[in-house]
Amino acid sequence: MEMLTIGAFAKVSRLSPKALRLYDELELLRPARVDPDTGYRYYAAGQLERARLVAWLRRLGMPLASIREVCDLQERDARAAAAEIRAHWARVEAETAVRRDLAAFLVDHLSTPTREDTTMLELRYAAHSDRGRTRPANQDAAYAGRRLLAVADGYGPRGEGASGAALDALAALDTGDLPDGSVLGLLEDAVRDASRAVRETAGAEETGTTLTAMLWTGSALALAHIGDSRAYVLRDGALFRITHDHTVVQSLLDEGRLTPEEAESHPQRFLLLKSLSADTDPLPDLRLHEARPGDRYLLCSDGLSVTVPDEHIRHLLTEAASPADAVRTLTDAANDAGGPDNISCVVADVVMAGA
């Protein structure tokens, strides 16, 4: 068997000797032979394929633990290894999109000089929560105030208490003066408070809640999102979803393992990957969304988004004269479609101050 010194192997594999020593210690890429007297490492030519795969995956930024899984999979099932790489890159793209939006907001915020005659904006809002047509109780909760908009969808034996506790914890953001600090940081801290409140409510029960909340800064909306409730913005007649579902089915869609048509009837379409619960620490998506006069925002539980198609939601939001009219017609549409789940929605318009 042809053997290569660590230096020669490093050269052909494009991995440094230092990296090779680390990968040996981590049992990611063990040498074929180690000299018992000198401790010098030798590698077989047949190890080059794994070494090059490791090098490529490192260039993708994949963590070493994940690289080990992919390499082990590649030796048994190349297609499964490819699927893991695809899933990793889908997560990278989602995280990059969040950072891109934040960077764009900060660039715009820091590049625009503060002017005394800057146009002041404010929100006009309405919220409604409905039991629907088939559920025995309403485990949803909705809140709308001058600064805070939020929807929570509870589940489990104490789901109603969980959703209510989450919104009660956030409500402090809507009263009094906000403390100094990053608005995203304030919202993230509030989500942690909400998570603690949910844990206290849940006790030993398998109970939790989704949470989608937006905090108004006067010119932008800070968003915190965990679960499968949603936030949309209607801008210039077009409807855009600005949250990403944390569900098994959405992850399969992201990885290309399901088509949208298959997702609609998938048996795990309601299975959450992330929520506020007794079992997990909150890891919400956080982002800043620049607001414009004329924007109309919708936060809703999946009792609306699963039942009423996006195009119909767009039409109803466009036609409604006010946020109060919008929440009423959206709720009616979900109930007219059978109302199989609780329905909660918050609608807020961005308007000129004093309008």
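Helices and strands are runs assigned by DSSP and numbered from the N terminus, a helix having at least four residues and a strand at least two. The legends below use these element names for a predicted model.

**Figure 1. Overview of the predicted chain.** The model is predicted, and its secondary structure comprises twelve helices and 15 strands. Along the principal axes, the C-alpha trace spans about 80 × 55 × 40 Å. The chain has 355 residues, of which 46% count as buried. Contacts between residues at least 6 apart in sequence include 66% that join residues at least 24 apart. The chain carries 40 positive and 55 negative charges, whose mean positions lie 7 Å apart.

**Figure 2. The loop between strand E12 and strand E13, with Asp 281.** Asp 281 is found in the loop that joins strand E12 (276–277) to E13. With a relative accessibility of 62%, Asp 281 counts as exposed. Asp 174 is 107 residues away from Asp 281 along the chain, and their C-alpha atoms are separated by 24 Å.

**Figure 3. The largest nonpolar core.** This core contains 25 residues, and those touching the most other members are Leu 167, Leu 170, Leu 211, Ala 222 and Leu 276. At least two core residues come from each of strand E6 (148–155), helix H6 (159–170), helix H7 (183–202), strand E8 (211–216), strand E9 (220–226) and strand E13 (285–290). The most is given by H7, which contributes seven residues. Setting aside neighbours within four places in sequence, Ala 222 is in contact with Val 183, Leu 184, Leu 187, Ala 213, Met 214, Leu 215, Arg 287 and Leu 288.

**Figure 4. Leu 299 in strand E14.** Leu 299 belongs to strand E14, which covers residues 296–300. The relative accessibility of Leu 299 is 0%, so this residue counts as buried. Apart from neighbours within four places in sequence, the contacts of Leu 299 include Leu 149, Ala 150 and Val 151. Thr 212, Ala 213 and Met 214 are also in contact with Leu 299, as are Arg 230 and Ala 231. Further contacts of Leu 299 are made with Ser 344, Cys 345 and Val 346. Gly 61 is 238 residues from Leu 299 in sequence, and the two C-alpha atoms are 34 Å apart in space.

**Figure 5. Arg 235 in strand E10.** Arg 235 is found in strand E10, which covers residues 230–235. The relative accessible area of Arg 235 is 15%, and because buried means under 20%, Arg 235 is buried. A polar atom of the Arg 235 side chain lies 3.0 Å from the backbone oxygen of Glu 290. Beyond neighbours within four places in sequence, Arg 235 is in contact with Phe 240, His 289, Glu 290, Ala 291, Arg 292, Asp 295 and Tyr 297.

Figure 6. Asp 236 is placed in the loop between E10 and strand E11 (238–241). Although Asp 236 is not a glycine, its phi is positive, at about 55 degrees. Asp 236 is exposed, with a relative accessible area of 76%, whereas Arg 235 is buried.

**Figure 7. Thr 243 in the loop between strand E11 and helix H8.** The loop that holds Thr 243 lies between E11 and helix H8 (248–254). Thr 243 counts as buried, with a relative accessibility of 8%. Its side chain reaches the backbone nitrogen of Ala 231 at 3.1 Å. When residues up to four places away in sequence are not counted, Thr 243 touches Thr 212, Leu 223, His 225, Ser 229, Arg 230 and Ala 231.

**Figure 8. Arg 14 in the loop between helix H1 and helix H2.** Arg 14 is found in the loop between helix H1 (6–13) and helix H2 (17–25). The phi of Arg 14 is positive, at about 65 degrees, although this residue is not a glycine. With a relative accessible area of 74%, Arg 14 is exposed.

Terms used: Residues numbered from 1 in each chain as written. Predicted model: local features only at pLDDT ≥ 70, side-chain atom pairs only at ≥ 80, totals over all residues. Heavy atoms only, no water. Core = buried A, V, L, I, M, F, W, Y, C linked by side-chain atoms within 4.5 Å. Buried < 20%, exposed > 50% of the residue type's maximum accessible area, 1.4 Å probe, protein only. Contact = heavy atoms within 4.5 Å. Polar contact = N/O pair within 3.5 Å; in protein donor to acceptor, adjacent residues only side chain to side chain. Lys, Arg positive; Asp, Glu negative; His and termini not counted. Charge placed at Lys NZ, Arg CZ, Asp CG, Glu CD.
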